Amino acid sequence: MQGKGLIKIFFVLLVLVSLLQILYTLPTNKVEANADAYAQELADAAPEGTDLYAVKKQAKAAYLDSMSSEEIFKIPLFQGFTYNELKNKQLNLGLDLKGGMSAVLEVDLKESLKRLSGYSKDQGFNLALENATKAQKNAQSDFINLFFQEYLKLPEDQKTGLARIFSRDPELKDLMSLDTDDGEVIKLLREKGNETVKLTFNRLKQRIDKLGVVQPNVTLDAARDLILVEMPGIENSARARSFLTGTAALEFWDTYRASDPGISAAFVEANRRLSGGSNTTTEVEMDSIKTADLDELGNETGDSTVQYIEKAADNFGEGGALTSLLDVNGRFSATHMGIARGNDTTAVNRLLSRPDVRSLFPADSKFAWGAKPIKLTGADVDPAEYEGKYALYMMKKEPGSNKAPLEGDVIISTNASPNPTGEMAVSIRMNPVGAKKWARMTESAFNAGQREIAILLDNEVISAPYIKGPITGGNSEISGNFSVQEANDLASMLEVGKLPASINIIQESTVGPSLGAENISKSFKALIIGISLVLLFMVFYYGGAGLISIIALLLNLFFIFGALASFGTVLTLPGFAGIILTVGMAVDANVIIFERIREELRAGKTLIASVTDGFRNSYSAIIDANVTTLLVAFVLAYFGLGPIKGFAVILIIGVLCSLFTAVLIGRMIIDWWIRGDRNLSFWTGPSKNMFANLNIDWIGKRKIAYVFSGILIVAGLASIFTRGWDLGVDFEGGYKFDVQFSEDISMDDETLRTGIVDYLGDRTIVKSVEAANTFNIVTPYLIDETGPAVVDEVIAKMHEGIEAITGKTINIENFKLSSDKGDTHILSSSKVGPTIADDIKKSSYYAGFFALLLIFLYLFLRFNKWQFSLGAVAAVVHDALIVLGLFSLLKNIVPFSLEIDQAFIAAILTVIGYSINDTVVVFDRIREDLGIYTNKATDDVINIALNNTFSRTIITSLTTLFGVLILFLFGGASTKGFAFALLIGILVGTYSSIFIATPIVRDLTDNLKAKKAVAKKRFSKALN
C-alpha cells in the first residue's frame, strides 16, 4: 500500500480536529449549566402564581447574554475564546431538533426601484414593475432582471427610456446621461440592488444579534435576493415576525386636527360621494378648502385650487359607505380623524384613496393608522365599545416634499426603560443635525397651539404626543403603551437603523421546544439502534474482519461529526436521516472488499495474497459506486433549500469519510494485523458458504421481471393520473399548522375538518398525527397576501374556528405559543408562499434532470458504451416511478402521511444514488468478466457477474435497510414518509440492478465483448 505515511498524517490531523470540536463543548456546557442553575434560583424565589417557565427562560437568556463576550477558554500560545466564539465553532442543531423559527426572507427591490426613480408616474415604468411582481411568483430570477424583461416587452410608445426615469436619483445621475443605453442602466440598477440587499442582510444580522437568540444562523442567497434565517429557541413567532420584517423607518410628522378648517367638511362630502349622493351642493351653508395643485410626480406646482363643500354638522349620520366603516363621532384625541375596526382599515384606505375623494383633503396631507388599538379611559367610557379599533391620523407634509420633516437616521443611541409614570418608554439621542431639526419642529408645534407631532414606525403611528414646549439638546422619549419586550425590541431596531429595503416572508416554519426535544430523542434512538444492528450483522457475517469494519464505521461517525462542526453545518432532522443512511452505506466499501477477499480465499490463495488482490480488484467498483452517489448529492446540495441542502452536505461528508475509513484506514489496520503472522477470518461458520457457488440464470428470467415491473408502473401511473398525490405546502404553497388540543377536548379529524372549512375555506385539509390529540391543518387561506400581519390573521381565523367547533374560550396568546403546555396551542407551523413553492417545484425538476444527465455522462465515460448509461438511467427512472406510484396508490390507506415535499424529493434522489451505486458495482463486474471469459457466451458471462456480486448486493441492502427501517419505526412522524420512500427505494433499487439495468444493457446490444487486446490485458491482470 503506497503513501502510508501521508495517510497516517492525515488521519492524525482528522482525529485532532474532531477532538478539538469535542473540547470546545466542555466550557460552553459549563456556562450553560451555570445559566440553568441561575434560572432555577430565580424561579424558586419568584412569587406564587408567576409563570415559572417564562422566568427561567428569560433568566437563562440574560445570563448567557452576559457571558457572550466573556473569555471562557484558552489554548496555550493561542488567543482565548469567548462563549459566542465557541458556540459558533460547534455543531448547531436545526430548529426541528431544537425548536425555534426559520424563515426565508425576500428583499423587496420593487420599492427601491420606485425610490430611485423619484416615484415616477411614468405609465410604462409602473406597468413593467407590476408585471415583474406577477412574474416573480413563478420565476427564479432576481427582481431587477425580471423588471428589465417586462420593460423590454412594452410597446415602443410606452418606453420613455430608463435613463430619463432614473436620472432623478442624485447618485445615479452622475453615472449616466439621458442617452445612456437601457442595458447599461440595468447594470447600474443591479449594482444598486446588490448594495441594498447586502446592507439589508448586514443590518438584519445586527438586529437578530440584539434579539438575544443563541446561535442564530443568517445566510444570504444573493443570486435571488433571499435571506435565510434560523433562530433557535424562539417561541413567540409573532414577535419574531415583526422584528424581522419591520424596516424600522422612524418618522416625525406634523399633524392635522379634526377641528382644523375644512377637515370635517371633507369627510362629510367624502361620505356623500362614496354613498352615491350628488357632488353638487346648493342652498346650504358652505365651507372652503384650499389645496395645492400637484404635478405628475406628486410635487406641488405652486398653484392652488379652492373647493367649496357643505359645511359639516356637529355629528355624522349612521349611514354611508365611509361612516359605516369609520366612526368619526365619539371620544378620542384631537388628532384622530376617526376610528375603525382592524379588519376595516384596508377598506377605509381604499375608499379614501379614490381620486374624487382624495382631492377633497389637503394636498399636503397623508393618512396613517395607529399601530395599536386605542385605549380610552373615563367613567363614561365602555372599553368594550372601542376594543380592537384603531385611530386614523392625518399627517402634514412639508412644502414640496413627500418625506417626513425628521427621520430615524439622526438617532445615535437608544435605551428602553420605565419613565417617571412607570410606563415603558424608549429614550433616544439624536446627532447635532437631528437635534437642531427636532428643536425647530417642536418649537413650531408649540407656538401653533401645543399641537401634536405624530411619531411613525413603518407607516404606523406609535405615538402622537402634545408638544408642551420646544425640546432642545436632541434627547427625547417615545412612549406608546409598550410592553417591556416591545420597548426593548423598538430600541434595538432603532439603534441598528432603518433597513434600506422592506422584507417579505415567503417561507416560514416554527417548531415548539417540546417537539424539538422529542425529535432529538427519537433520532438518537434510531441512530443507536441502527448502528448496533449493522455492527452485530458485520461481526456475525465477517467474523474478525467485521470487527475491523466496526472500527472503521465508528471512526467514520467520529469524523463526520467533527467535519460538520468544523464547517459550521446545521444538523437537522433530514440531516440525522442522512447520517443514519450513511451508516448503512458506509459498510458498502467494506462489503465489496471483503466479498472479493472471500472469493480469492475460496480460490486457494494465501491470506496476504487474497487481501492484496481483494483490495486491488475492488477499487474500480468502489470508486464508480461512490462517485455516482456523490454526483447525486452535489446536485441535491446545489438545488436543495434549507434542511434538504443540509441533508446533501451530510451525505457528501459521509461518503468521503466512508471512503477514507473503509478503504485506507481499514486497509492499514488489516495489513498491520496480518503482517504479524496473525490470522484474520473473513467469515464465520454459518456465513462461510452463504451465497457461494450461485448458478442462477438471471438473464433468462428478465422477461418475467419486465412484466412484473410493467404492471407496477402502469398501476402507479394510473393512480397518479386519477388519484394524484398528497402534495405538501412545499409544492402547493400555503400554511401548515400542528395544533395540539388540551386534554379536556375530545376531537377527531372529520369534526375538525367539517367545522374549520367554514373559516379557512374548502381547500383546507385536516389530518391526525402521531402526537396525542394533535391535528395537522393545511390551508391556502390568504397565502397570496403579503405583510407581517397576514400570518396573524390566518391564525386568528383558525383560532376563531376552533373556538366555535369546541365551544370553549381559548386564550389567543397562549394559542400562538408553541411552548404552551396546558391550553390548546400551535405545536408547530410553516408557511410556503407561491414564489418559494414554485422555486421548490422547479428545483426538484432540475435536480432530477441533472442527476440523471450526470450519471449518464459519467457511466458513458467509464464504460465507453452508451448502452450501460442508458440501462442505468432506465433502472433509476423505473425505481423513481415505482416509488411515486406507490405514494399515490397508498395515499390515505397507510396510517401515516405520504406527503410529497422537499424531504420526499431528497429521498427520491437518494434512491437514485443508491440504485446507481448498486448497478455500477454489477456493471464493473460484467466489464471485468467479459475481459476474462472471452470464450463464453455473453449471457453466461453476465450471469456469472450477477451471481458473483449477488452477495454484495444483498448484504449492502440489508445493512442500509437496518438503519432506514429503524428510522421508519422509531424516527417519528416527521421522518416516516421520508423513511418509507427510502425503504421502498432500496428494495426496488436492489431488484432493478439485477432485473432491469443489466437486462436492458443486454437487450440493447449483443456486442458487449471487450476487444481482444484489452481482453488479453485484463486476463493477464486477473491471473497476476
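The model is predicted, so local features are taken only where pLDDT is at least 70 and side-chain atom pairs only at pLDDT 80 or more, whereas totals for chains, interfaces and linings use all residues. Residues are numbered from 1 along each chain as its sequence is written, and side-chain values use heavy atoms, with hydrogens and water left out.

**Surface patches**

Begin with helix H1 (residues 4-45), and select Ile22 within it. Ile22 counts as partly exposed at 44% relative accessibility, where buried means under 20% relative accessible area, exposed over 50% and partly exposed in between, with a 1.4 Å probe and protein chains only. Patches are made of residues with over 30% relative accessible area and no salt bridge, like charges being joined within 9 Å and nonpolar side chains (Val, Leu, Ile, Met, Phe, Trp, Tyr) within 5 Å. The accessible areas come from the Shrake-Rupley method with a 1.4 Å probe, and for residues only the protein chains shown count as cover.

Next select Arg115, Lys403, Lys436, Lys437, Arg440 and Lys498, which gather on the surface in a patch of positive charge. Lys and Arg count as positive and Asp and Glu as negative, while His and the chain ends are not counted; the place of a charge is taken as NZ of Lys, CZ of Arg, CG of Asp or CD of Glu. Helix H15 (residues 432-447) gives the most to this patch, with three residues, and Arg440 has its place in that helix. Helices (H or I, at least four residues) and strands (E, at least two) are DSSP runs, numbered from the N terminus.

**Salt bridges**

The whole structure holds 28 salt bridges, each a side-chain nitrogen of Lys or Arg within 4 Å of a carboxyl oxygen of Asp or Glu. Select Glu269 and Arg273, whose side chains meet in a salt bridge at 3.0 Å, N to O. The two residues are four apart in helix H11 (residues 263-274), and are therefore separated by about one helical turn. Glu269 counts as buried at 2% relative accessibility, and Arg273 counts as buried at 16%.

Move on to helix H29 (residues 902-932), where Arg927 and Asp924 lie three residues apart, about one helical turn. Their closest N and O atoms are 2.6 Å apart in a salt bridge. In helix H29, Arg925 and Asp929 lie four residues apart, again about one turn, and they form a salt bridge with the closest N and O atoms 3.7 Å apart; both residues are buried.

To see a network of salt bridges, select Glu600, Lys605, Asp613 and Arg616.

**Aromatic pairs**

A search of the whole structure finds 36 aromatic pairs. The rings of Phe73 and Phe81 have centres 6.2 Å apart and planes at 25 degrees, so this pair is stacked. Rings of Phe, Tyr and Trp (its six-membered ring) pair if their centres lie within 6.5 Å, and planes under 30 degrees apart count as stacked, over 60 as edge-to-face and the rest as tilted. Phe73 and Phe81 are both buried.

Now select Trp698 and Phe950, a stacked pair with 5.3 Å centre to centre and 25 degrees between the planes. Trp698 lies in the loop between helix H21 (643-674) and helix H22 (702-722) and Phe950 in helix H30 (residues 938-970), so the pair ties together parts 252 residues apart in sequence.

End with Phe537, Phe540, Tyr541, Tyr542, Phe594, Phe682 and Phe962, which ring pairs link into a cluster.
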